[in-house]
Amino acid sequence: MTALLTIILSFIGALVCGLMPSSAHRRIRWVALAVAAAGLAVSMVCCLNYSGGDFADLVKADWIPSLGIGFITGYDGISLPLLLVTGLVAVCGVLFSWTLETRANQFYAFYFALIGGVYGVFLSLDLFLLFVFYEIAVVPKYFLIAIWGGARRQFAAMKLVLYSFGGSALVLLGMLAVFFLAQDATSGKALETFSLLDLQQHGEVPREAQQWIFPLIFVGFAIMAGMWPFHTWAPTGHVAAPTAASMLLAGVVMKLGAYGCLRVAVGLLPAGAQAWAPWVAVVAIINIVYGALVALKQDDFKYVIGYSSVSHMGFVLLGIATLNLTGMTGAVLQMFSHGVIGALLFALVGTVIYSRTKTRMLDELHRLIDRMPGIAWVFIVASLASMGLPGFSGFISELYVLIGTWESESLSGWIVGGAGLGILLTFGYTLVKIHEAFFRERKTSDPGDAEISYPAMTLPEKIGVAILLGSALLIGLCPWLLTDKISPSLELMLERFPPN
Amino acid sequence: MITALTLAPVVAALLILALPEARARAVALAGALVSLTLAVWMLVQFDVDADGLQFREKATWIPALGIDYFVGLDGTNALVLLLSALLAPLVVLASWQHTDRPRTYFVLLSLLFTGLFGTFTALNFFHWFLYWELALVPPFFLIKLFGKGEERHSAALNFFLFTVLGSVAMLLGFLFLHRETGTFDFIELAEKGVTVSPLIFCAILAGLWVKVPLAPLHIWQAPAYATAPTPVAMLLTGVMSKMGVYGFLRLIVPIFPGQLRQYAGVLMAFALVTILWGAFLALRQSNLKRLLAFSSLNHVAYCVLGVGALGLAADGLKVDAHALAKQGVILQMFAHGLAAAGLFYLVGLLEDRTGLRGRDDFGGLSSVTPRFAAVFFILTFCSLGLPFMAGFAAEFLIFSGTFAVAPGVTVAATLGLLATAVFLLTMLQRVFTGPANERHKSMPDLSWRETLIVVPLLVLVFWAGISPKTWLMFSQLIP
């Protein structure tokens with residue numbers, strides 16, 4: 001029952017915030033912080049109490065028994081890191097929106113509706129329930145961007161929703177196919193259930209059917225993970241969204257897609273995954289390399305981070321494509337890692353820097369290293385962490401993925417070479433963009449503010465930075481805190497794989 | 001013990017962030033001195049008759065990937081560790097007057113120290129690579145923020161990108177080794193004796209190649225050395241170039257003996273090219289810092305020449321050529337570190353005092369600043385390889401070792417020695433002899449603080465030259 005509290009608390013929080021008067025924005029932000037912190041606390045309790053590899057904390061209730069749909073929730077080592085990252089990002093999102101005043105009540109109502117949906121997806125153990133939460137998460141995203149967003153917000157919000165629904169449609173088709181085709185592994189009787197538990201433990205989809213269902217479900221979810229060539233919603237959406245929402249988008253929503261790929265597509269359709277893994281790996285490499293190249297060409301700071309997200313999600317997809325323990329552990333670890341670091345970068349660019357400079361265009365920024373040294377260094381350290389500097393979580397997760405790729409029998413060594421190229425490009429664009437943002441003299445005409453120093457970070461900003469950067473460092477140095485939870489669950493999943 | 005030594009500067013860095021900015025330099029010095037004390041203490045305690053690793057610390061870190069925290073000291077790294085621990089406080093002293101954003105500067109410097117100490121003591125690829133990269137990021141920002149001239153941005157970027165290119169290649173190489181053997185442990189890898197494809201060998205080689213550097217991947221070097229703030233340049237030439245050579249000794253020689261045998265000729269050829277090309281570039285150079293950078297390029301390549309000799313068969317000889325070459329390489333790292341760091345410091349002082357760095361901008365300084373000139377002469381002579389100084393002992397050993405197995409290459413390499421003599425002596429002559437330049441008549445001599453920095457270097461230069469045995473003891477038992 002514990003884990004379910006995260007969902008319940010978030011939706012109650014959404015309701016409470018929504019019902020408070022908008023003039024009470026000071027009180028609302030404290031309520032929001034409390035709700036988010038409670039969610040984080042629950043996730044941490046779950047994490048501390050969890051061991052083994054099996055699903056824990058199961059809640060089962062009938063819902064539509066005639067269709068084999070139940071309300072089943074629970075978590076295992078794969079969902080735990082994602083619950084944690086959701087909690088972390090939710091708390092920090094509130095901290096970085098501390099000065100928000102416009103319609104704060106509605107903002108946090110949508111905010112927590114989105115977070116509730118996200119927790120729901122990570123906890124659902126019924127395909128139908130998972131799909132419902134997945135859809136619940138779409139709507140608040142639209143309003144968060146369309147109401148509180150920046151330039152071109154209507155367009156970005158609409159694009160995001162269309163891509164989301166497009167992906168959902170594919171997933172729905174695949175899900176229905178699974179529902180009708182899944183049979184009992186031993187008796188061969190039709191199962192007619194949406195329960196992930198039943199499907200995973202004693203269900204089986206015929207091998208030939210898996211070949212075509214896998215791409216449906218995988219691509220459907222991977223759209224939300226930012227998979228090339230369906231990634232274009234991500235940069236536009238991230239850029240137009242208000243900071244807290246872009247933190248959630250990059251930190252958590254993209255992980256929804258990746259989680260779906262892993263849990264549903266690979267978990268239920270192992271034979272399909274085996275057949276398609278090389279293609280997934282190729283697309284993942286394109287993601288990594290193409291995302292890095294496009295980031296290199298961007299002039300808008302937020303677009304740089306947006307495309308770097310696309311690039312980093314490529315490592316998640318690559319890890320999934322390895323279909324072995326090390327690589328998939330790396331994929332889950334990378335989801336966590338990019339969750340915290342991506343959110344941090346969006347917070348820094350979207351709020352901390354933008355609220356001071358009032359511009360995000362790189363060629364309008366002027367020697368910020370002298371004018372906001374503290375913030376500049378925090379950003380530099382964060383982007384080095386994102387680049388994969390050893391010691392931070394980004395390195396260890398990419399290391400797992402790369403080792404997994406080497407070990408994988410179905411992927412060729414050239415895939416590793418492609419990933420290596422991607423890492424190099426990542427180093428390249430990170431350094432170039434750091435230079436352009438913080439060290440360079442302004443190229444455009446000087447509005448006469450060149451000597452002004454900006455104020456240092458506020459306390460909520462400092463706490464938010466400390467939480468996110470601290471988590472990245474902690475996991476970078478002590479990855480076993482998470483891998484000990486992740487690996488046993490993945491081992492259980494891999495045990496069900498048919499011999500190749 | 002080693003862990004404390006490695007992490008002392010990090011602690012100092014954290015303290016610098018917490019304390020007022022005026023204390024930054026004192027805290028950095030304290031951190032570096034703690035490391036130096038520990039390093040000296042360990043070398044005194046070092047049992048030169050014992051085989052194998054000493055002061056080892058080993059603890060499981062990430063069992064799933066077979067990663068241990070594993071550090072230790074043996075003959076291969078004892079001297080480079082001492083060298084870096086010695087240069088650390090000297091570099092802080094050399095930055096004593098640094099006033100531009102001292103907090104940032106000393107934090108970066110301290111982190112760099114940790115990176116260096118860690119690289120020289122780590123024996124598991126995972127944290128070795130962590131330190132290797134940690135030693136890469138601070139210099140990038142030190143050059144970019146505190147370097148001289150607008151060229152510093154491109155110099156910093158080139159330095160970073162070249163090194164990262166090598167690092168990523170090396171990372172992929174080690175991941176491949178991990179797949180084959182399931183371990184990142186250097187010692188274990190050496191015992192298992194892996195055979196890998198030439199591609200993987202080259203990948204690992206590339207990381208070290210850039211760091212040394214060897215031609216043609218040396219083009220990042222001169223701009224980086226010339227634009228870096230003087231104390232950082234001291235570290236770049238004194239210690240960071242040794243990271244690459246140390247990598248050869250720690251990784252290539254024990255782990256890939258077969259490949260080394262196969263490619264020793266190629267390696268020696270490139271080392272020879274680097275020696276000659278570096279000398280040639282130095283001959284044509286009149287910017288003092290660049291001249292010293294090329295001289296450094298030339299001198300460090302002797303080390304690689306010695307490493308190459310380790311790969312050639314030495315059967316039927318009365319002397320142990322391999323032992324000579326190996327001990328020579330280790331001593332040359334130490335000797336060159338002392339002399340090159342000292343010379344960069346002195347040229348930096350010239351530049352601070354006059355704003356000039358051209359070989360021909362001075363003249364007759366020996367009468368104006370006799371103490372300064374004396375120190376400069378001694379360090380240059382050490383660089384030249386004059387007897388009774390560290391450089392001679394080291395280069396003599398290397399040449400003896402290589403001559404026994406590859407006489408032709410060795411003879412060709414002596415051409416480099418000649419050229420070295422020409423450009424170094426020309427430099428001395430132009431800067432210090434002749435009529436005193438009117439502009440610099442009032443140039444002050446070494447202050448007591450500056451003297452304090454060069455004295456330890458001079459002492460060690462002579463000590464290692466007159467009694468190399470004291471220092472060679474450490475490496476006598478390396479297999």
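**Figure 1. The hairpin of β1(B) and β2(B) in the predicted model**. Strand β1 (residues 54-62) and strand β2 (residues 67-73) of chain B pair in the antiparallel sense over six bridges; strands are DSSP runs of E with at least two residues, numbered from the N terminus, and two of them pair if DSSP finds at least two bridges between them. B:Ile62 has B:Ile67 of β2(B) as its bridge partner. Four residues lie between the strands of this hairpin, where B:Gly66 takes a positive phi near 65 degrees. The model is predicted, and local features need pLDDT of at least 70, side-chain atom pairs count only at pLDDT 80 or more, and totals for chains, interfaces and linings use all residues. Residues are numbered from 1 along each chain as its sequence is written, while chains are lettered from A and ligands numbered from 1 in the order in which they are written.

**Figure 2. Helix α17 of chain B and its surroundings**. Helix α17 (residues 390-405) of chain B has 16 residues and reaches 24 Å from its first C-alpha to its last, close to the 22 Å expected at 1.5 Å a residue; the expected span is 1.5 Å times one less than the number of residues. Helices are DSSP runs of H or I with at least four residues. Of the 16 residues of α17(B), 12 are buried, among them B:Glu395, B:Phe399 and B:Val405. A residue is buried if 20 or more other C-beta atoms, placed from the backbone, lie within 10 Å of its own. The buried residues of α17(B) pack against helices of chain B including α13 (288-310), α16 (370-384) and α18 (407-432).

**Figure 3. The surroundings of A:His238**. A:His238 is in helix α10 (residues 233-240) of chain A. This residue is buried because 30 other C-beta atoms lie within 10 Å. Not counting residues up to four places away in sequence, A:His238 touches residues including A:Ser246, A:Lys302 and A:Phe346; contact requires C-beta atoms, placed from the backbone, within 7 Å. The C-alpha atoms of A:His238 and A:Gly149 are separated by 9.6 Å, although the two residues are 89 residues apart along the chain.

**Figure 4. The side of chain B that touches chain A**. Here 20 residues of chain B are in contact with 21 residues of chain A. On chain B, the elements giving two or more residues are α5 (125-134), α6 (137-146) and α7 (151-181). The largest share, 12 residues, comes from α7(B).

How values were computed:
Contact = placed C-beta atoms within 7 Å.
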